[in-house]
Amino acid sequence: MTHQQSRLHATISKTLLYYDGPQIILLNGFSNMPIIAVAVNYDGMEYPFFACYTQQKHLDKYIHGKADLHFVFANAHMSEYYFFDLFEANNDVVNLIRATSDESRNNDFWPSKGFFSSNHILENENLHDTRRRFNINGAWEADDFTQFNRKMFDMYAIMSAKKILESVDSTPETLAELNALIINQSWEGGNSYVNFYKPFTTKIEIHSPIKVKSIQYASPGNIDLIGDKNIFDEMSRAITKFEQNIEKAAKAYQYINKILGQEKLKTSKASSEFSSEAIKNHVKGQADIILNSIGIDTPAIFMHSCNDNILIYSKLVLSIFRRIKGVYNFISEGRVQFN
Amino acid sequence: MFAETLPNGCPPSDAIESDGRMAIRLLKSPNPTEKDFYSHAKLGKRKPESVSFCVWASCSLSSIQSATNLPKLPKLRGKDYYTKIILKKESGMLKVSDSGHIDFWMYATFDPVGASTGVWRIDP
């Protein structure tokens, strides 16, 4: 499929406003770029919508009441507009048809000025929530779905932690909760890792916990997950980076794993020491390489969240590597299309 | 007994009986008729895949005053009036979303025009 053709398909993500039928819809388009659409009257279509690609920052302005809906359309990406017929949606995928320049300028299709999100959005509604579809192919056993979803949930937790640690908006309480969750694990192998990831979404306050929306058991089929759009985007970026750096990351992983084995630190307590400062610092350097390989450019803040304990830090990073590799394996096998 | 034939399992289990609240219905003219409260299903409109049969068979109302801004949207243009109706226990069943939208399944005995407390013009 060419880029131009890809731009002409979109997946319905969320109905933002329903009144006598859907009126405003959010969709995911090419490269998961957001599309906003309003219901209109248009000859030849049963349930027509007028739509445009939009930048996330413009959509955010609308969502947060800093701009009206007209502004979002006026700042359409590439000044291109589309129609689609909701009635023709198949499995939530719609076909976009380019509007002519006359149609694009026709006020009948545009929302009037002064329509703000406050007309339909309450403050506690999470508008970053989105549905992300992962197309699947090949043979899938029931256990594969469980494994894939578990790895995706863990990866979502990792990227949520990254967001919390990197954001200046994170409250001291949230940072303290995350810090406690990390340092209070025993990190002695086995279930101690599960005990870190599994309670993540219940112990740390994140606005959009990930959940499974639907699974279409077919080949090809799809898995739809619901979660924060920004976290999903981080996951996509991490996988792309990981693919580019997999050899370097795998080498660093093997090195740390080997050293922890030689130093008998794999199942030891977090307070255990390395045999020398040089080894300890080298392990830290290799752990930084792994984080860099998945697009985390600020390993120091992860290190800080481990109370600067290099043994905890290295074990946390090894667990991150295993989980990202787990997701990547499904992609490299051709069984999951990530983007 | 509902005013319209509803699909099985409709209204949904989380719908509640009307509780005396007031709700807004947009109108095209200052003289509402029963037809202004028909669902899309009753009007014979075909349902898109993304909407459930049950919601398609409901009448849209709003519990927030700013619903009077909805005619700024292209498909709702021309709905220049609104009425406020009182939804008493004997009116029907409703489901209220966080956004203030109400799916309303009215009982056969309910007269929405009679329940109207007045009609107002929406300032352009």
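Student: How many residue pairs are in polar contact between chain B and chain A?

Tutor: A polar contact is a pair of N or O atoms within 3.5 Å; within protein, one must be able to donate a hydrogen and the other to accept it, and residues adjacent in sequence count only if both atoms are side-chain atoms. Between chain B and chain A the count is 14 residue pairs, both residues at pLDDT 80 or more. This is a predicted model, in which local features need pLDDT of at least 70 and side-chain atom pairs count only at pLDDT 80 or more, while totals for chains, interfaces and linings use all residues. Residues are numbered from 1 along each chain as its sequence is written, chains are lettered from A and ligands numbered from 1 in the order in which they are written, and side-chain values use heavy atoms, with hydrogens and water left out.

Student: What area do chain B and chain A bury between them?

Tutor: The size of an interface is often given as the accessible area lost when the parts come together. Buried area is that loss for two parts (1.4 Å probe), summed over both. Here chain B and chain A bury about 2,700 Å², with 57% of it on carbon and sulfur atoms. On the side of chain B, the residues B:E49, B:L73 and B:K75 lose the most area to chain A, together 22% of what that side buries. The contact, meaning heavy atoms within 4.5 Å, takes 30 residues from chain B and 34 residues from chain A.

Student: How many salt bridges are found across this interface?

Tutor: Side chains of opposite charge can pair when their charged atoms come close. The rule for a salt bridge asks for a side-chain nitrogen of Lys or Arg within 4 Å of a carboxyl oxygen of Asp or Glu. Across the interface of chain B and chain A it finds 2 salt bridges. In one pair, A:E46 meets B:R46, with the closest N and O atoms 3.1 Å apart.

Student: Which parts of chain A does the salt bridge of A:R323 and A:D154 tie together?

Tutor: These two side chains meet at 3.0 Å, N to O. A:R323 lies in helix α12 (residues 310-332) and A:D154 in helix α5 (residues 142-166), so the pair ties together parts that are 169 residues apart in sequence. Helices (H or I, at least four residues) and strands (E, at least two) are DSSP runs, numbered from the N terminus.

Student: Is A:R323 buried or exposed?

Tutor: Buried means under 20% relative accessible area, exposed over 50%, and partly exposed in between (1.4 Å probe, protein chains only). A:R323 is buried at 12%, and A:D154 is buried at 13%.

Student: Where does strand β3 of chain A find its pairing partners?

Tutor: Two strands pair if DSSP finds at least two bridges between them. β3(A) pairs in the antiparallel sense with β2 (residues 22-28) over 5 bridges, and likewise with β4 (residues 48-53) over 5 bridges. Of the 6 residues of β3(A), 6 are buried.

Student: Why is the disulfide of B:C10 and B:C54 called right-handed?

Tutor: A disulfide is a pair of cysteine sulfur atoms within 2.5 Å. In B:C10 and B:C54 the sulfur atoms are 1.9 Å apart. The torsion about their S-S bond is about 75°, so the disulfide is right-handed.
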